[in-house]
Structure formats: structure tokens, C-alpha cells
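Please open the structure in your viewer and keep the selection tool at hand.

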Amino acid sequence: MLTIDEAFRKFKSRLELNDREQENASKRHNEVREHIRSRFTTDDDFLTGSYRRHTKTKPLKDIDIFFVLAESQRAKYRDKAPSVVLQDFYAALVDKYGDKAVSKQGRSVCVDFGVVIDSDDNTDYKVVSVDVVPAFVAGNDYEIPNADTGKWMKTNPKIHAEKATDANKNYGGEWKALVRMAKYWNNNPDHGADKPIKPSFLIEVMCLQVLYGGWGGRFDYEFQALFTTLADRICDEWPDPAGLGSPISDGMDAARKQRARGLLRAASDQASIAIDLARKGRTGDALKAWRKLFGPKFPLS
Ligand SMILES: Nc1ncnc2c1ncn2[C@@H]1O[C@H](COP(=O)(O)OP(=O)(O)OP(=O)(O)O)[C@@H](O)[C@H]1O
Ligand SMILES: [Mg+2]
């Protein structure tokens, strides 16, 4: 039988991006890029967000693509309300993908490729959706539309990427894996339609602070402690780690934070139970307890 450590290692590798997924992401990027370039005057476009930083979980959804609009477009878009550029991107993407596949979000337009996700969370190595984000250069940073606040918001993906790289280095190379696993827990359908933590970027932002002191060597102990600390601190305010955008914790109101706290405490209790089962030699039951906690990509064998 699989040991608990072997199970976590297998779980970790199942949440890593493989070549076929990267190939499909790149194909989708190129396809959306060709279309947006034919409709807008852009200077640059690139894959970004958690996909680029390797902190994206599975199934592979909502890969962020930044489209940097040319300076000549400033009067048409940057000087207008965020909803204007989002509406034009939305309309352009609907022309190619149809209105069932395209939806407007606060800071982006999502294109869903109609990929089937099976009960084990597999997608045949395909990307489920991409988030198309219009942007303007602002000095060393970017500005992106935020329809939720009606204002343009500064962001800097490079700073977020550097922070994630440093955190990973300082945590025995396991920090990104822990973030992907914690985000996978957040996606567990057992929580119902609403994820406990929103946006899931908040998990990564919290992990920048709450995972410190170095990798302890055991995934089970790390998660027991991580869930406890996330529960204790989920109601705090969490600013943008780059100090530019709105607080990442603004995505949840007080009621939603309380709910998240309850679910994180339950996860911490469930982790304690799983650890105890393994200690008593009941490895099979411990594996089942971890799988219940995380979801179908946690292996039983
Ligand atoms: N409030 C914010 N202020 C500044 N930058 C932000 C803010 N929210 C998100 N970002 C930047 O935009 C990127 C994309 O946002 P998104 O919500 O998709 O997060 P993500 O890290 O890609 O996580 P997910 O795995 O959920 O897609 C983030 O990775 C981050 O670099
Ligand atoms: Mg994203």
C-alpha cells in the first residue's frame, strides 16, 4: 500500500503542469492572440497569473492572458470607464466563440472551450478556459480594468512571480506544491457551489506570509498547521503583495469570511483525524480521509 508520503508525492505530481497541457495552453493562447490582434491595436500579449507562476491547480481553468493595448488606444479605452474596454473585448470574443462560451468578469473576459471534466477532474490534458485581460503599461507596472470598482487597477505580475519564486526557494522547493494543493482543496465540490476562499489568489497571498520557517519535511503536518493558520487569519485584511492593487481579501464579505473560517477549521480537524489514523497503522483509512479532504486527485493507490 501507498505510504502517506508517497500519496502526497503522487498528488503533487498530478497537480503539476505536464507537456501536453502546456502545449494545449500555448495553442489556445495563439488562437486567442491571433483573433485579438486582428481586432485591437496591441503592443504585447503573454500568459500570466497563477499559470505562469506554476501555482495554478487542476482542472486547468481560467488561464490569464494579458493583452497590452498600444498607447494610441489610451483615449479610446484607458480614459474611459473599465466597462468600455471589457465590453469591446467581450463583443470581439463573442464573434469568434459565440455568446454561450464567452462571459464578462470583473477584470477580464472568460472564454470557455467546452472541455469535459470527468469525475476524476481529468480533462484529457485540455485547458478548460482562458481569462482575457486588457491592460495598459503604467511605468514599470500595468493597469487593468476593474468593473467591480469602476476604476482601473495597478498590478505587477513580475513582482508576484518573484515573490512566489522566493517563497518556493525558502520552503525547500515545496511552497508552490502546497499552494496548488490548498487551491485544490478550495475547489473540492463537497463545499457546494461557492468556494470557501475567493479569489483563490488569496490562498497564494496568505501562503506568502503564513508558510515561513522552512519546510518541515511532512505534507500531512504542513497541511494540519496550514489549515489552522488560514482559519485564524482569513478574516484579516490581505493587501496586494506588490502594494499596488486593491486588497486581495476584498473578494469576500464578512459572512463569507466566517464561512471560510468554519470550513478551514473543519479541514484542520479532518487533517488531525487522518494523521491519527496513520499513526494507529490504519493507512488505508488515513488515505481515504485525505482524499475526502482534498478530492479525487488525491490517490488511494
Ligand atoms: N487585487 C489585485 N491587485 C493587484 N494584482 C492582482 C489583484 N488580483 C489579482 N492580481 C493579479 O492578477 C493575476 C490574475 O488574477 P487571478 O484572480 O486570476 O489570480 P491567479 O493568481 O491567476 O489565481 P487562479 O489560480 O485563481 O487563476 C494574479 O495572479 C495577480 O498577479
Ligand atoms: Mg488566474
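This is a predicted model: local features need pLDDT of at least 70, side-chain atom pairs count only at pLDDT 80 or more; totals for chains, interfaces and linings use all residues.

Residues are numbered from 1 along each chain as its sequence is written, chains are lettered from A and ligands numbered from 1 in the order in which they are written, and side-chain values use heavy atoms, leaving out hydrogens and water.

**First stop: L15**

Select L15, which lies in the loop between α1 (4-14) and α2 (19-39). Helices here are DSSP runs of H or I with at least four residues, numbered from the N terminus. Is L15 buried or exposed? L15 has a relative accessible area of 1% and is therefore buried; buried means under 20% relative accessible area and exposed over 50%, with partly exposed in between, using a 1.4 Å probe and protein chains only. Leaving aside residues up to four places away in sequence, L15 touches K56, T57, K58, R180, M181, Y184 and K297, where contact means heavy atoms within 4.5 Å.

**Second stop: R33**

Move to R33 in helix α2. R33 is buried, with a relative accessible area of 18%. Show the side chain of D45 as well: a polar contact of 3.0 Å joins it to the side chain of R33. A polar contact is a pair of N or O atoms within 3.5 Å; within protein, one must be able to donate a hydrogen and the other to accept it, and residues adjacent in sequence count only if both atoms are side-chain atoms.

Select α5, residues 82-97. Its buried residues are P82, V85, L86, F89, A92, L93 and Y97. Seen down the axis, these fall within an arc of 130 degrees, so they line one face of α5; the arc is that of the directions from the helix axis to the C-beta atoms. After α5 comes G98, with a positive phi near 90 degrees.

Finally, select α11, residues 283-294. Which residues of α11 are buried? They are A286, L287, A289, W290, L293 and F294. These cover an arc of only 160 degrees around the axis, which puts them on the same side of α11. The face turned away from that buried side carries the exposed residues K288 and K292. Display α1, α7 (175-186), α9 (219-233) and α10 (254-279), which are included in what covers the buried residues of α11.

Technical notes: Helices (H or I, at least four residues) and strands (E, at least two) are DSSP runs, numbered from the N terminus. The expected span of a helix is 1.5 Å times one less than its number of residues.
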